[in-house]
Amino acid sequence: MTTSCKITVVGSINMDLVTRSSRFPTVGETLLGEGFNQFMGGKGANQAVAAARLGAQVDLIGAVGDDSFGQELLANLRKEGVNTEGVKTVTGQSSGLANITVAENDNHIIVISGANFCLTPADIEANEHRIAAADVVMSQLEIPADCVLATAKLAAKHGKPFILNPAPAQKLPQELLQLVTALTPNAYELAISLGLPENTAAETLISQTPCPVIMTRGSEGAMYVDENREIRSQATYCVTPVDTTGAGDTFNGALAVFWQHDLAKAVKYACAAAALSVTKAGAQSGMPTAVELNDFLAKQSQ
């Protein structure tokens with residue numbers, strides 16, 4: 001499947017500092033790690049790169065600090081083909097950081113917002129033309145909440161689909177939920193978004209959400225509601241995981257790229273792209289190109 005679309009992403013830009021260990025340390029314990037790497041990340045940047053690698057024309061709206069990390073992050077985004085004219089550099093502020101521990105085929109992440117929380121609704125409004133020109137608009141929750149709402153309102157104003165990845169998890173206002181075209185949480189994130197108990201059944205969570213939900217389920221794929229209001233599941237693809245960091249961002253980027261197709265196909269391709277992404281280390285470095293994704297799916301059907 002090929003695609004051609006324009007996507008505007010409003011979100012975070014971080015430097016990921018990744019430590020690897022055989023297992024996660026317990027509270028107060030010191031472990032000898034197995035390695036360290038530095039990767040470009042941030043949910044906004046990750047989703048922008050994921051979409052660009054799959055062939056979309058991508059604009060990113062966000063902020064970096066005036067430090068060396070900020071320069072590296074912008075250079076990498078441009079190398080990936082992402083338009084960074086909507087990214088501002090904040091004087092005297094550090095760029096966002098994510099401290100990631102990878103162990104036992106999973107990860108624990110602590111995010112330092114830095115310049116990401118210097119983004120303002122005025123910055124979003126100054127880039128309204130990028131939202132107006134997009135086929136799909138995306139955001140996440142690693143930027144100020146008023147910026148996410150401003151993005152949603154502008155997307156609605158211009159009749160653009162708005163995909164919101166509600167991570168890191170926080171309770172979402174009804175005003176925002178009613179502007180969302182597709183909410184893409186995992187089960188935990190959806191429960192927190194709605195203010196419901198974390199052990200609430202996935203089907204119950206989806207039925208109580210006032211906007212369409214496409215729930216990611218890790219190794220179990222994804223769950224969504226079709227045009228007939230029936231809950232459907234998309235299985236994941238069997239791969240050997242190396243690093244799960246960025247898998248959700250890859251899913252969201254791919255979902256936006258294939259949004260113009262029917263929902264079942266979009267979710268299928270998003271699950272396949274996410275599966276491919278975990279076969280390499282780093283949030284962005286494992287994200288597949290369109291050729292890699294098509295080849296992977298072709299092999300799955302053989």
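Serine 95 lies in the loop that runs between β5 (82-90) and β6 (96-103), where strands (E, at least two residues) and helices (H or I, at least four) are DSSP runs numbered from the N terminus. The structure is a predicted model, in which local features need pLDDT of at least 70 and side-chain atom pairs count only at pLDDT 80 or more, whereas totals for chains, interfaces and linings use all residues. Residues are numbered from 1 along each chain as its sequence is written, and side-chain values use heavy atoms, with hydrogens and water left out.

With a relative accessible area of 1%, serine 95 is buried, a term that denotes under 20% relative accessible area, as against over 50% for exposed and in between for partly exposed (1.4 Å probe, protein chains only). Its side chain and that of aspartate 67 are joined by a polar contact of 2.7 Å, and the side chain of serine 95 also reaches the backbone nitrogen of glycine 70 at 3.2 Å. A polar contact is here a pair of N or O atoms within 3.5 Å; within protein, one must be able to donate a hydrogen and the other to accept it, and residues adjacent in sequence count only if both atoms are side-chain atoms. When residues up to four places away in sequence are not counted, serine 95 touches Val64, Gly65, Asp67, Phe69, Gly70, Leu73, Gly114 and Ala115, contact being defined by heavy atoms within 4.5 Å.

In helix α7 (residues 187-194), the buried residues are Glu189, Leu190, Ala191, Ser193 and Leu194, and the elements covering them include α6 (174-177), β10 (182-183), α8 (202-207) and β11 (214-216). At the start of α7, a side-chain oxygen of asparagine 186 comes to within 3.2 Å of the backbone nitrogen of tyrosine 188, while the helix is followed by glycine 195, whose phi is positive, near 70 degrees. Apart from neighbours within four places in sequence, serine 193 is in contact with Pro166, Gln170, Lys171 and Leu172.

Alanine 167, in the loop between β9 (162-164) and α6, counts as buried at 3% relative accessibility. Although alanine 167 and glutamine 140 are 27 residues apart in sequence, their C-alpha atoms are 6.0 Å apart in space. Beyond its neighbours within four places in sequence, alanine 167 is in contact with Lys43, Gln140, Leu141, Glu142 and Glu189.

The largest nonpolar core comprises 50 residues, of which Ile7, Leu60, Phe251 and Leu293 touch the most other members; such a core is a set of buried Ala, Val, Leu, Ile, Met, Phe, Trp, Tyr and Cys residues joined through side-chain atoms within 4.5 Å. Helix α10 (residues 263-277) supplies the largest share of this core, ten residues. A second, separate core of 37 residues includes Ala115, Ala155, Leu190 and Ile206.

Helices α9 (residues 247-257) and α10 pack at an angle of about 145 degrees, with their axes 8 Å apart; the axes are lines fitted to C-alpha atoms over the stretch in contact, and angles run from 0 to 180 degrees between N-to-C directions. On the α9 side the contact is made by Ala247, Thr250, Phe251, Ala254 and Leu255, and on the α10 side the residues include Ala266, Val267, Tyr269 and Ala270.
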